[in-house]
There are 2 protein chains.
Amino acid sequence: MIKIDIKYLAKELNLAISTVSRALRDSHEISAETKEKVFALAKRLNYQPNANASGLRGQKTKMIAVVIPEMVNDFFSLVISGIEKVTQAQGYHILLYFTHGDHALEVSFINTLANGRVDGVLLSITDEHNDNSHLELLNKKGIPLVLFDRVSERMDNVKVTTDNYDSGILATRHLIDMGCKKIGYLKIHKNIPVGTIRMNGYLDALKKHSAQKVPLVLECPSGNDEAFESIRRMLVAEKPDGIFASVEKLAVICYRVCEQIRLHIPQDIRIISFSNLHTASLLNPSLTTITQPAFEIGETAAKALLRIIQKKGGYNAGGNVVLQSRLIKRNSTAR
Amino acid sequence: MIKIDIKYLAKELNLAISTVSRALRDSHEISAETKEKVFALAKRLNYQPNANASGLRGQKTKMIAVVIPEMVNDFFSLVISGIEKVTQAQGYHILLYFTHGDHALEVSFINTLANGRVDGVLLSITDEHNDNSHLELLNKKGIPLVLFDRVSERMDNVKVTTDNYDSGILATRHLIDMGCKKIGYLKIHKNIPVGTIRMNGYLDALKKHSAQKVPLVLECPSGNDEAFESIRRMLVAEKPDGIFASVEKLAVICYRVCEQIRLHIPQDIRIISFSNLHTASLLNPSLTTITQPAFEIGETAAKALLRIIQKKGGYNAGGNVVLQSRLIKRNSTAR
């Protein structure tokens, strides 16, 4: 099969390759007549520029990288759908990477991306307390970076987050308003800032709005079975009447524990969770959630990144964005 | 900032650029001593080859495209996780595209990909009955293509699917075994083969194993509200005692309808659905499912594609794979 490339077009038209190349880029150096001839043949032969070659020439690959911990929850699926809506409309391609919560993998992906495979990077980081020199490298190389959801406050790049502290307050107050006197907080094991910020909301809400003097924070192990056992022991030993789960996985495990030890939700214990589960309303009982605007996070982060790529501002053009989460009251916290 | 490229390495080592380039590719034309010098400096300066340049040179981009309808259900999230496990281990990058069920968008993505942005394509098609010339174009250009889940039987490419017909039989028989005398089938509106194949399983199971003479197939409109209304009218008018939902979205809508018209599941009506919902066991009542091995579909399809890319066989090396789905009995079909 014949390869329809610039060389082929040049030969057919009896022009220099550089002339055809410049004509295709609509260069002012080439006459309108020549351009017309080149365009007509290119169209007739369905010529399309080689993606890699254009990338090299213009230093633009029209690709952005999306680097996230994993895909096994509704939150990141929605974020990616939001990103895709924006990039698709502007003709950008998405390269997808999962870090699986492994900081070393994140460093390796970012170092590879720093060599120019993409025009920009959207990142939800694995660990805020770790070294950020891989991210500094992106900045040094001038590859735009926007952080979302799990961000590092030490980086100056644009950050798109939600109001995790206020939401932590809101969730805890809701349990207090529903009559809970002893509220436990299920913290995820990993060292990510959102967990801590949400917990600070819980701690401050207890101080201000509850008679509960001693906070009850359970740091849940990462394995599902270990988390189950750990939550079971806590519910049996401490007998909390309210649970605030920092992530939906822990709420789901907590439901299973309650079933096993025959605690009725919400009669014996009320449960609220951060969650984007699209079936939250169908759980038994339906789960009260603090729901993050995941799709909007994706849209907002992608728009911010494309603005920077398209030089509509500096590397932190537009500044940080904090989106609001919503409290959706359902039966798991009913009176 | 200094750009560490081949030119820079060549200047530092006082070698020709072509010598450095060949040394980095471990060419036999270059002496071991020279190679060692080049490697040592490349390592010290953290040199990494420009992704696009390598792509052009070796005609390999180390990227594969994953083209799927959408991300808003657990099935495709799991498939992508399976693909990522395989590609990550072999150093491949994933480019992600959503067709949103729009055949024209699929054609446009594939035509762009046919210009060589990627080494191969994994595709779950939007519409089996449409023209396949865009897929033929990939084959003509020698870009490996593997189809999964939603495939076109008219294409010779490797297909990774599940046993939809047998699963349709299995689901229907389970409802019959649980005592259902009038079973309705909720068909999705779209023209995709899996819907029809699953339905054929339902129709044949009724013929062979049930006294129900007239099948009850409802083609559900694509909008959620319209599907709700359509299912509501069917349940009220036809009073089926069993429902087989071809996709989980319809099962979830059916749960909502039952709540509104006060039908008890499973006492008044039993429900089974194809689903990969990770919260199926927590729904009220827990949902009996036919669960596809989604993660394995992703793994299998990715392995097949990489085999073809790496020339370990022709464009349909290894042949088609049919994976088994599982019946997971829960309370929505209990006696």
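Predicted model: local features only at pLDDT ≥ 70, side-chain atom pairs only at ≥ 80, totals over all residues.

Biologist: Which strands stand at the edges of the open sheet that has 12 strands?

Modeller: The order in this sheet is β11(A)-β5(A)-β4(A)-β3(A)-β1(A)-β2(A)-β2(B)-β1(B)-β3(B)-β4(B)-β5(B)-β11(B), with mixed pairing. From one strand to the next, the twist averages 20°. An edge strand has a single partner, so one side of it is left without a neighbour in the sheet. The strands in that position are β11 (321-323) of chain A and β11 (321-323) of chain B.

Biologist: Which residue of β2(B) is the bridge partner of Val66(B)?

Modeller: Strand β1 (residues 63-68) of chain B and strand β2 (residues 93-98) of chain B run parallel and are joined by six bridges. Within β2(B), the bridge partner of Val66(B) is Leu96(B).

Biologist: Which are the edge strands of the open sheet that six strands form in chain A?

Modeller: The strands of this sheet follow the order β7-β6-β8-β9-β10-β12 in chain A, and the pairing is mixed. Neighbouring strands are turned against each other by 20° on average, direction ignored. An edge strand pairs on one side only, which is the case for β7 (216-220) and β12 (326-328) of chain A.

Biologist: Which residue in β8(A) is the bridge partner of Leu186(A)?

Modeller: Strand β6 (residues 183-188) and strand β8 (residues 242-245), both of chain A, pair in the parallel sense over four bridges. Leu186(A) has as its bridge partner in β8(A) the residue Ala245(A).

Biologist: What angle does the direction of helix α10 of chain A make with that of β7(A)?

Modeller: Helix α10 (residues 224-238) of chain A packs on the sheet and touches β6 and β7 of chain A. The angle between the direction of α10 and that of β7(A) is about 160°.

Biologist: How are α5(A) and α12(A) oriented to each other?

Modeller: Two packed helices are described by the angle between their axes and the distance between the axes. For helix α5 (residues 74-89) and helix α12 (residues 294-309) of chain A, the axes come within 7 Å and cross at roughly 40°. The crossing is right-handed. Angles under 35 degrees count as roughly parallel and 65 to 115 as roughly perpendicular, and the two helices are therefore oblique.

Biologist: How many nonpolar, polar and charged residues does the contact of α5(A) with α12(A) have?

Modeller: Among the residues that make the contact are Phe75(A), Leu78(A) and Lys85(A) of α5(A), and Phe295(A), Glu299(A) and Leu306(A) of α12(A). By class, the contact has 12 nonpolar, four polar and four charged residues.

Biologist: How is α6(A) oriented to α7(A)?

Modeller: Helix α6 (residues 103-113) and helix α7 (residues 133-140) of chain A pack with their axes 9 Å apart, at an angle of about 15°. Angles under 35 degrees count as roughly parallel. Therefore α6(A) and α7(A) are roughly parallel.

Biologist: How is α2(B) oriented to α3(B)?

Modeller: The axes of helix α2 (residues 17-24) and helix α3 (residues 32-44) of chain B are 9 Å apart, and the helices pack at an angle of about 85°. Angles of 65 to 115 degrees count as roughly perpendicular. Therefore α2(B) is to α3(B) roughly perpendicular.

Biologist: What is omega for the cis peptide bond that joins Ile265(A) and Pro266(A)?

Modeller: Most peptide bonds are trans. Pro266(A) lies in the loop between α11 (248-260) and β9 (270-274) of chain A. The bond that joins Ile265(A) to Pro266(A) is cis, and omega is about 5°.

Biologist: What is phi of Lys239(A)?

Modeller: Most residues other than glycine have a negative phi. Lys239(A), in the loop between α10 and β8 of chain A, has a positive value, near 45°.

Technical notes
Residues numbered from 1 in each chain as written. Chains lettered and ligands numbered in written order. Axes fitted to C-alpha atoms, helices over the stretch in contact; angles between N-to-C directions. Parallel < 35°, antiparallel > 145°, perpendicular 65-115°, else oblique. Left-handed = near helix turned anticlockwise from the far one by under 90°. Contact = placed C-beta atoms within 7 Å. Nonpolar A, V, L, I, M, F, W, Y, C, P; charged D, E, K, R; others polar. Pairing = 2+ DSSP bridges.
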